[in-house]
Amino acid sequence: MNREEKKVIINSLAEKLNEYAHFYITDTSELNAEQTAALRKSCFEQEVKLVVVKNTLFIKALEQADKVKEELLPSLKGETAIMFAQVGKNPAKLIKEFRKTNPKPILKAACVEDCIYLGDAAVEELVNIKSREELIGDIVGLLQSPAKNVISALQASAGQKIAGLVKTLESRAE
């Protein structure tokens, strides 16, 4: 591979790092062609982009995209595949589901919501993480609950007051 080809790959990876909010560094070695095809199909269905990379080129892409995290560098050893995603927990769910029938992929590290997760043990934690949109929905729900209670109380007591006023006016009219 010449210098120009490497530059094109680095630029492509840097673009993906800027395009996708989250990425997982995984080990997919020892998967046969059928397993790899099944993994790629699962990735496509879950809107996860899977790219096999050379570690040195990925490090240069991280530098170019200003996303170098020192904690990630030790995980860039051996064969490496990167999973890019817009939803932080999608790759973790995919890995967990895929490993029910296959030994890999193994999570080396992940960068989700600007936090670093190291090691395969983090898969379970990442599966349970809430996305930004889910957290915003929870907050909106919490904020709406007291307001709904106040409005409902006002409507209930206002209805009783109006009924009381109508009875009073009817009794005076007689």
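The legends below describe several views of a single protein chain.

**View 1. Overview of the predicted protein chain.** This is a predicted model, in which local features need pLDDT of at least 70 and side-chain atom pairs count only at pLDDT 80 or more, whereas totals for chains, interfaces and linings use all residues. Residues are numbered from 1 along each chain as its sequence is written, and side-chain values use heavy atoms, with hydrogens and water left out. The protein chain has six helices and five strands, where helices (H or I, at least four residues) and strands (E, at least two) are DSSP runs numbered from the N terminus. Along the sequence these elements follow the pattern α-β-α-β-α-β-α-β-β-α-α. Of the 174 residues in the protein chain, 35% are buried, a term that means under 20% relative accessible area, with exposed set at over 50% and partly exposed in between (1.4 Å probe, protein chains only).

**View 2. Strand 3 and its two partners.** Strand 3 covers residues 80–85, and six of its six residues are buried. Thr80, Ile82 and Phe84 lie on one side of strand 3, with Ala81, Met83 and Ala85 on the other, and both faces are covered. In a regular strand the side chains alternate between the two faces of the sheet. Strand 1 (residues 22–27) pairs with strand 3 in the antiparallel sense over five bridges, and here two strands count as paired if DSSP finds at least two bridges between them. One of the residues involved is His22, whose bridge partner in strand 3 is Ala85. Strand 2 (residues 48–53) also runs antiparallel to strand 3, joined to it by six bridges, and Lys49 stands opposite Phe84 in strand 3.

**View 3. Thr26 in strand 1.** Thr26 is found in strand 1 and is buried, with a relative accessible area of 0%. Not counting residues up to four places away in sequence, Thr26 touches Glu79, Thr80, Ala81, Met83, Ile95, Pro105, Ile106, Leu107 and Lys108, a contact being heavy atoms within 4.5 Å. Although Thr26 and Ile106 are 80 residues apart in sequence, their C-alpha atoms are 5.5 Å apart in space.

**View 4. Ala110 in strand 4.** Ala110 lies in strand 4, which covers residues 106–112, and is buried with a relative accessible area of 0%. Beyond residues up to four places away in sequence, Ala110 touches Phe23, Tyr24, Leu72, Cys115, Ile116, Tyr117 and Leu126. The C-alpha atoms of Ala110 and Leu72 are separated by 8.0 Å, while the two residues are 38 residues apart along the chain.

**View 5. Helix 4 and what it packs against.** In helix 4 (residues 90–98), the buried residues are Asn90, Pro91, Ala92, Leu94, Ile95 and Phe98. These buried residues pack against strand 1, helix 2 (33–45), strand 2, strand 3 and helix 5 (122–127).

**View 6. The lining of the largest pocket.** Ser42, Gln46, Lys93, Leu94, Glu97, Phe98, Thr101 and Asn102 line the largest pocket. On a 1 Å grid over the protein atoms alone, a pocket is an open set of points where a 1.4 Å probe fits, with protein on both sides within 12 Å along at least five of seven lines, and lining residues have an atom within 4 Å of a point. Helix 4 gives the most to this lining, with four residues.
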